[in-house]
Amino acid sequence: MTTVVMLSPGYPAEMAYFTRALAETGARVIGVGDQPPHELPTVARDALAHYEHVSLADEGAVLGALHGLAHHARFEQVECLWEPYMILAARIRETFGLPGMTVEQTVPFRDKERMKQVLDAAGVRTPRHASTATVAGVWEAAERIGYPIIVKPIAGAGSADTYRVDSGPELSDVLPLLRHVPEVSVEEFVDGEEFTFDTICADGKILFENVMWYRPRPLQMRLHEWVSPVSIALRDLSVPDLRGGRAMGRQVLDALGFRTGFTHMEWYRTAAGEAVFGEIAARPPGTRVVDLINYCTEGDTYRGWAEAVLHGGLQRPLEQRFNAGSIFKRAQGSGRISGVDGLDPLRAAYGDDIVLVDILPLGTPRRDWRTTVVGDGWVVVRHHDLQRVIEMTERFATDLHIHANA
Ligand SMILES: Nc1ncnc2c1ncn2[C@@H]1O[C@H](COP(=O)(O)OP(=O)(O)O)[C@@H](O)[C@H]1O
Ligand SMILES: [Mg+2]
């Protein structure tokens, strides 16, 4: 039986399902995380043979705890699916001589400049780019790259502190807002549609791939409260529009030497049809996308990942059966959830094609739309036909309303 150390086994919420999948697939799972044991979700707690409660931000403390543990238990593998601790996981592997990604192999998945340098060398089409830690450096990069540009943190997430800048005067306005960001990436602004290319791999072989279409682009979702973010996990990946992005995805994984686990890449498709690289992470997509993939495939992607990392293959193939679309709704108004309207006609129109409606209960405080992508309500619809899914997601975006008031 393989003993696996799982970092942060219960947070964010999806981690509990990955932890359970490891246990169900036959691993003995040791959790290491900062959640106090009583705050671990039951799903995670029930799957753990042991839990070390230690601050993940304190590398010395984590290594100390694992050295202590190593006196009574052997562990053979370290898994981490949460972005902030990917490097920590690699450090643990190096310290204990375990297989898997090293620090050097992990850095290009975390540092957006390093990432693009490696990919440029491999001939991948990245946006023109520069990184800098100074105001003068941003001006110089803007000059060289040409407007419009994107300025964003070198190790950002969730479109935080990310700005499109169209001119010098705009850049003057944006720079003070970036004062707290130690290093930024400046990029050519790439106009187009935005997609993911997500995989589960074992030994450098792609066992499963997913392409998801963001509507609108994530930066727009982050900028405008009235937007209802839509993501569609696509059924037919063989269409010509996706060919360039999928080929790029393979090239990127090769260039970065990725072997085993989940990956999540974002790419842009311009109006002219060119695929341009966005970013990549060595972890699953967040914000419920793994669940969306489960609706798309009618499979268990959590289990698929566990089988890949433990046994190097999928027991049952994961295959797309539906276009599955999710709509996140943001409440209108502030305070507590006070009502929902528009749901009945949508149910009447789409019936069983609506597979999930999960709205915060009346009386619950509404969430902060800027910091939680999932918003105050989540709906999933699916159908064989993409046009129908586009129509349904658009109708839910415009016709379903969640109200809040103080
Ligand atoms: N070069 C670019 N051209 C156009 N849009 C961009 C560019 N870089 C980032 N964006 C927008 O900002 C969003 C967030 O940037 P991204 O690099 O994905 O960082 P993260 O998701 O880690 O915050 C993207 O999804 C995209 O909408
Ligand atoms: Mg992104």
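Where in the chain is the place of Arg288? Arg288 is placed in the loop between strand 14 (275–281) and helix 11 (289–297), where helices (H or I, at least four residues) and strands (E, at least two) are DSSP runs, numbered from the N terminus.

## About the model

This is a predicted model, in which local features need pLDDT of at least 70 and side-chain atom pairs count only at pLDDT 80 or more, while totals for chains, interfaces and linings use all residues. Residues are numbered from 1 along each chain as its sequence is written, chains are lettered from A and ligands numbered from 1 in the order in which they are written, and side-chain values use heavy atoms, with hydrogens and water left out.

## Backbone details in the loops

Arg288 has a phi near 70 degrees, which is a positive value in a residue other than glycine. With a relative accessible area of 28%, Arg288 is partly exposed; here buried means under 20% relative accessible area, exposed over 50%, and partly exposed in between (1.4 Å probe, protein chains only). Asp203, which is not a glycine either, has a positive phi of about 50 degrees and is found in the loop between strand 9 and strand 10 (205–210). The relative accessible area of Asp203 is 54%, so Asp203 is exposed.

The bond from Tyr11 to Pro12 is cis, with omega near -10 degrees, and Pro12 has its place in the loop between strand 1 (3–7) and helix 1 (14–24). Tyr147 and Pro148 are likewise joined by a cis peptide bond, with omega about -5 degrees, and Pro148 is found in the loop between helix 7 (135–145) and strand 6.

A backbone N or O atom of Ser159 lies 2.7 Å from an oxygen atom of ligand 1, and a backbone N or O atom of Gly156 lies 3.1 Å from an oxygen atom of the ligand. In the side chain of Tyr268, an N or O atom is 3.3 Å from a nitrogen atom of ligand 1. On its own, ligand 1 has 540 Å² of accessible area, of which the protein covers 96%; such areas come from the Shrake-Rupley method with a 1.4 Å probe, and for residues, only the protein chains shown count as cover.

## Aromatic rings

Rings of Phe, Tyr and Trp (its six-membered ring) pair if their centres lie within 6.5 Å, and planes under 30 degrees apart count as stacked, over 60 as edge-to-face and the rest as tilted. By this rule the count comes to 11 aromatic pairs. One of them is the stacked pair of Phe195 and Trp213, with 6.2 Å centre to centre and 20 degrees between the planes. This pair links distant parts of the chain, with Phe195 in strand 9 (residues 193–202) and Trp213 in strand 11 (residues 212–215), 18 residues apart. Phe195 also forms a stacked pair with Trp267, at 4.8 Å centre to centre and 20 degrees between the planes. Because Phe195 lies in strand 9 and Trp267 in strand 13, this pair ties together parts that are 72 residues apart in sequence. Both Phe195 and Trp267 are buried.

Elsewhere, Tyr17, Phe18, Phe262, Tyr302 and Trp305 form one aromatic cluster. Arg382 has its charged end over the ring of Phe322, 4.1 Å from the centre; a charge sits over a ring if NZ of Lys or CZ of Arg is within 6 Å of the ring centre and within 35 degrees of the ring normal.

Technical notes. A polar contact is a pair of N or O atoms within 3.5 Å; within protein, one must be able to donate a hydrogen and the other to accept it, and residues adjacent in sequence count only if both atoms are side-chain atoms.
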